[in-house]
Amino acid sequence: MKKPLNSLLVGIIMLLNTLVVNSQCLDFSFEESTDGTDVLVDVRVDNFTDILSLQVAFGYPADKLQLLDIVGNSQLNINSSNLNDLDPGYITLVWFKADVGETLLDGSSLLQFRFQLLDSSPATILLLDNDYIEIVDDSFENVCYTSQDIIINDPRAMISGNVFHDINGNCLESADDIALGGWKVKITSNTETFYRITNKSGQYILPVELGEYTIEVLPINDLWSPCIASETIIVDTEGEEYLASFVMSPNETSSALSVTMKAQRLRRCFNNKYQVTYRNDGTAASTNTIIEIELDDNLEYVDANISDVSTAGQLINVDIGTVEAGESSNFNITVNVNCDNTVLGETLCAEAEIMSDDSMVPPSSW
């Protein structure tokens, strides 16, 4: 018998045609790495949801950095036709879809710049905050955005590391271990506390001033424990990178599923889209995984961009199958809002529930 987990009334309560609910700004961030003497800068995005068009520009000091190459996101099929980098120090990106918006997993690389350092002084790369920026979702609404600059060749030191799932049970970092993305790392000094979220490769990075720092990983649920509770590092040399990686050991073998469901708004008499996102933060794969969605009586299911969907009245069942430990993914469903039985300002609700043969039942404190 299947055990339901995390039945979530997602708060997708919408004022028809007038109110945007749970709207999140598209967040741009930069991540630096090296390849030999070249510097790689990834432009990463969070909350890239149902984006229909994107027009942005980036700036960098051409007297300090020479641009060698740009690699675009493969899912969005970004290539040289979307980019203009002929003006040194200035990069523009223009991308759009003809029909339906695109969604990327949080932390995805939108672009990767490859630079050659022309001198040893710090250089700032930033998203240019000007009238050129335009981001539109597939409801033809403007999307807000946030951005944080990055300083290349910064004389500050760097604390970095990875978080892994200890597959072979030896509490040591090994080639078989699996990266854990979306985990929170806490970094504390005598005066400040910082938090970083690991990317899809399980990596976190934090530029820091000189001093003493304590690093710890905050387990995502009670199924996990760190093999080492914390690590203290003395940062005493500018420009150096200090490594602190963590291996997480399973307390028990179980999947731990969650599901969320969101849409920006619902428009009467039109097709509208919900994004359904699911995760397995457990220590084992989830098998025979089912997501059940219950729609308001005034919402009619149209289609989905995922296979193995069955419907019975207002219930939609999606057979996800196996969800590996650490896996996160999403899909969209399209619904039509009834014209005859709804009025502007009316509230409609939808509920998503995820279940499997072997999921743990969350404690009441969740």
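Colleague: Among contacts in the protein between residues at least 6 apart in sequence, what share joins residues at least 24 apart?
Modeller: This is a predicted model, in which local features need pLDDT of at least 70 and side-chain atom pairs count only at pLDDT 80 or more, while totals for chains, interfaces and linings use all residues. Residues are numbered from 1 along each chain as its sequence is written, and side-chain values use heavy atoms, with hydrogens and water left out. A contact means heavy atoms within 4.5 Å. Among contacts between residues at least 6 apart in sequence, the share joining residues at least 24 apart is 74%.

Colleague: How many strands does the protein have?
Modeller: Helices (H or I, at least four residues) and strands (E, at least two) are DSSP runs, numbered from the N terminus. The protein has zero helices. Its strands number 32.

Colleague: What is the radius of gyration of the protein?
Modeller: The radius is taken over C-alpha atoms, and the globule rule is 2.2 Å times the number of residues to the power 0.38. For 366 residues, a compact globule would come out near 21 Å. The protein agrees with this, because its own radius of gyration is 23 Å.

Colleague: Is Ser160 buried or exposed?
Modeller: Buried means under 20% relative accessible area, exposed over 50%, and partly exposed in between (1.4 Å probe, protein chains only). Ser160 lies in strand β14, residues 157-165, and touches residues including Tyr204, Ile205 and Glu241, not counting residues up to four places away in sequence. Its relative accessible area is 2%, so Ser160 is buried.

Colleague: What is the relative accessibility of Leu52?
Modeller: Leu52 is found in strand β5. Leaving aside neighbours within four places in sequence, its contacts include Trp95, Phe96, Val136 and Phe140. Leu52 counts as buried because its relative accessibility is 8%.

Colleague: Which residues touch the most other members of the largest nonpolar core?
Modeller: A nonpolar core is a set of buried Ala, Val, Leu, Ile, Met, Phe, Trp, Tyr and Cys residues joined through side-chain atoms within 4.5 Å. The largest has 35 residues. Those touching the most other members are Phe28, Phe48, Leu110, Leu111 and Phe113.

Colleague: How many residues are in the second, separate core?
Modeller: This core includes Val276, Ile293, Ile316 and Leu348. Its number of residues is 24.

Colleague: How far apart do the centres of the positive and negative side chains lie?
Modeller: Lys and Arg count as positive and Asp and Glu as negative, while His and the chain ends are not counted. Each charge is placed at NZ of Lys, CZ of Arg, CG of Asp or CD of Glu. There are 17 positive and 56 negative side chains, and the distance between the centres of the two sets is 4 Å.
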